[in-house]
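Visitor: I would like to learn how to read the features of a model like this one. Could we take them one at a time?

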Amino acid sequence: MRRILTALISVALCGPASTAMADDLLQIYDMAVVSDPSLREAEQVLFATREVKPQALALLLPNLSVQGDVDYQDVDTNGQSSSGSFSYRQDFTTRSVQAVVSQSVYNRANWMTLKKSDNVIAQAEAQYRNAQIDLMVRTTEAYFTVLRAADAVTVQEALLRANERQLEQSKQRFEVGLVAITDVNESQAAYDRARAELISAKNLLDNAWESLRTIIGPVQVPLARLGEKLPLAPPAPNDIMAWADAALRGNYGILAATEATTAAKRDIQIERSGYYPTVDLQAGYDVSRTGAEIGSDTDTGFVGLSLNVPIFQGGAVASRTREAGYRFRASQDQLDQVRRQVDQQVKDAFRGILSSIEDVKARQASIVSARSALESTQAGLEVGTRTQVDVLNAQRNLFQAEFDYLSSRYDYFINGVKLHQATSTLTRDILAKGNAWLIPSDVVQPPAD
């Protein structure tokens, strides 16, 4: 890989080959699964959301409470009676313990809350699955962004060497009087421009590495490049509507929005339950002891039903019910928006794959054309029908054609990943199929920190 420009213009694009094996896409993805903070956040949100069901269930289960009191009293009594005045003082301690079991017999809001918890958890499950797929896509895009940026550096280095050679030849021809000083100046300008573009390309490569490290962590690993042989095949089935239908049925984003809509609908029932009566059962035992000279010790057992019938609450129930209705309709609009976005995403990715296939083929042809144009321009320069500027432009066009070809191959790979993302069928096995196209022995080295 990366030997096409060498064959085209006899310029060494790369330094000595590294014998170290590179990490491929699957290895980088495995690092991301462990290190990516966004996925870990989604996982913890899922764990937290799962707790809503036991909390909702607790509202329907018995509650047991025990309450105890200990009071010290110092009583100083003065008064009058038929036999005269009296006065006495005593201090004593009273103790009481009460155990109460309460059970909700009927509370419509609690039952609706329990049903809603299933939808809330299902929504969180779908969002977590979506986050897992999103990590695959982000990792793939970051991985190939590094490769694309590395290709740009390779091309710019080759172009710089080619311009340097042209500059040397122009100076030699000027010294013997074959060309004017303008040819030297043009070659010098092209060389200086190539140097500046190489600096920019290296900076973009460093930025691409940093973007990848935000996902996998601050690790130093070489990356495997994409092999020369890339099987270009349309999606199977080659039917855009079949993929669109599959996405509308199985996309995790749509499933999450659907569950959110159902949960919002249950919120209407929960708020409307404010109009319904509630019935609670209570049973308990109360033990009271006193140390007073005059008093009694009691042991009391009790059981009873409590009925609460709401009559008027200032319009709060009606207002909360209307609010829940508005939020339900907003969630329906959100669901429709997600469906449209997914439909656009799957169709864009499908057409992107087909376009990338044709683009790769066209870029291959453009390399041949650019090489022929360069050879013709160089021959024209020798006989005086072309200028040095023409040669430099043809040379730049050839290198740009090579970069565009390499870049179009990455677009094909990424579009395939995004198509599976839209249908939520992207798995590690899918990545493994594309990972087989990488060459671990052909590496992109990480920047030296």
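Visitor: Which residue forms a salt bridge with Asp134, and how far apart are the closest N and O atoms?

Guide: First, a caution: this is a predicted model. Now the case. Asp134 forms a salt bridge with Arg138, with the closest N and O atoms 2.8 Å apart. Both residues lie in helix 5, 4 residues apart, about one turn of the helix. Asp134 is partly exposed, because its relative accessible area is 30%.

Visitor: What other salt bridge does Arg138 make, and with which side chain?

Guide: The side chain of Arg138 also meets that of Asp36, at 2.8 Å from N to O. Here the sequence positions matter. Arg138 is in helix 5 (residues 108–175), while Asp36 sits in the loop between helix 2 (25–35) and helix 3 (37–49), so the pair ties together parts that are 102 residues apart in sequence.

Visitor: Are the two partners buried or exposed?

Guide: Read each one separately. Arg138 is partly exposed, at 24% relative accessible area. Asp36 is buried, at 1%. The cut-off explains the labels: buried means under 20%.

Visitor: Which residues form the nonpolar patch on the surface?

Guide: The patch consists of Val105, Tyr106, Tyr275, Tyr276, Leu281, Val303 and Leu305. Together they have about 690 Å² of accessible area. Strand 2 (84–106) and strand 5 (298–308) each supply at least two of the patch residues.

Visitor: Why does Leu305 count as exposed?

Guide: Leu305 lies in strand 5. Its relative accessibility is 64%, so Leu305 counts as exposed. The cut-off for that label is over 50%.

Visitor: Now a buried residue. What is Tyr412 in contact with, beyond its neighbours within four places in sequence?

Guide: Tyr412 is in helix 10 (residues 388–422). It is buried, because its relative accessible area is 8%. Beyond those neighbours, Tyr412 is in contact with Leu230, Pro231, Leu232, Ala233, Ile353, Ser356, Ile357 and Trp437.

Visitor: How far apart are Tyr412 and Pro447 in sequence and in space?

Guide: They are 35 residues apart in sequence and 27 Å apart in space, C-alpha to C-alpha.

Visitor: What should I check in the backbone itself?

Guide: Check phi and omega. Most residues other than glycine have a negative phi, and most peptide bonds are trans.

Visitor: Where is there a cis peptide bond?

Guide: The bond from Ala236 to Pro237 is cis, with omega near 5°. Pro237 lies in the loop between strand 3 and helix 7 (240–250).

Visitor: Which residue has a positive phi although it is not a glycine?

Guide: Ser424 does, with phi about 55°. This residue is in the loop between helix 10 and helix 11 (428–435). Ser424 is buried, with a relative accessible area of 12%.

Visitor: What does the side chain of Asn251 reach?

Guide: It reaches the backbone nitrogen of Ile254, at 3.1 Å. Asn251 lies in the loop between helix 7 and helix 8 (252–272). Asn251 is buried, because its relative accessible area is 4%. Setting aside neighbours within four places in sequence, Asn251 has contacts that include Gln421, Ala422, Thr423 and Ser424. That brings us back to Ser424, the residue with the positive phi.

Conventions:
Residues numbered from 1 in each chain as written. Predicted model: local features only at pLDDT ≥ 70, side-chain atom pairs only at ≥ 80, totals over all residues. Heavy atoms only, no water. Patch = residues over 30% accessible without salt bridge, like charges linked within 9 Å, V, L, I, M, F, W, Y side chains within 5 Å. Areas by Shrake-Rupley, 256 points an atom, 1.4 Å probe, with all protein chains shown as cover. Salt bridge = Lys/Arg side-chain N within 4 Å of Asp/Glu carboxyl O. Buried < 20%, exposed > 50% of the residue type's maximum accessible area, 1.4 Å probe, protein only. Contact = heavy atoms within 4.5 Å. Polar contact = N/O pair within 3.5 Å; in protein donor to acceptor, adjacent residues only side chain to side chain.
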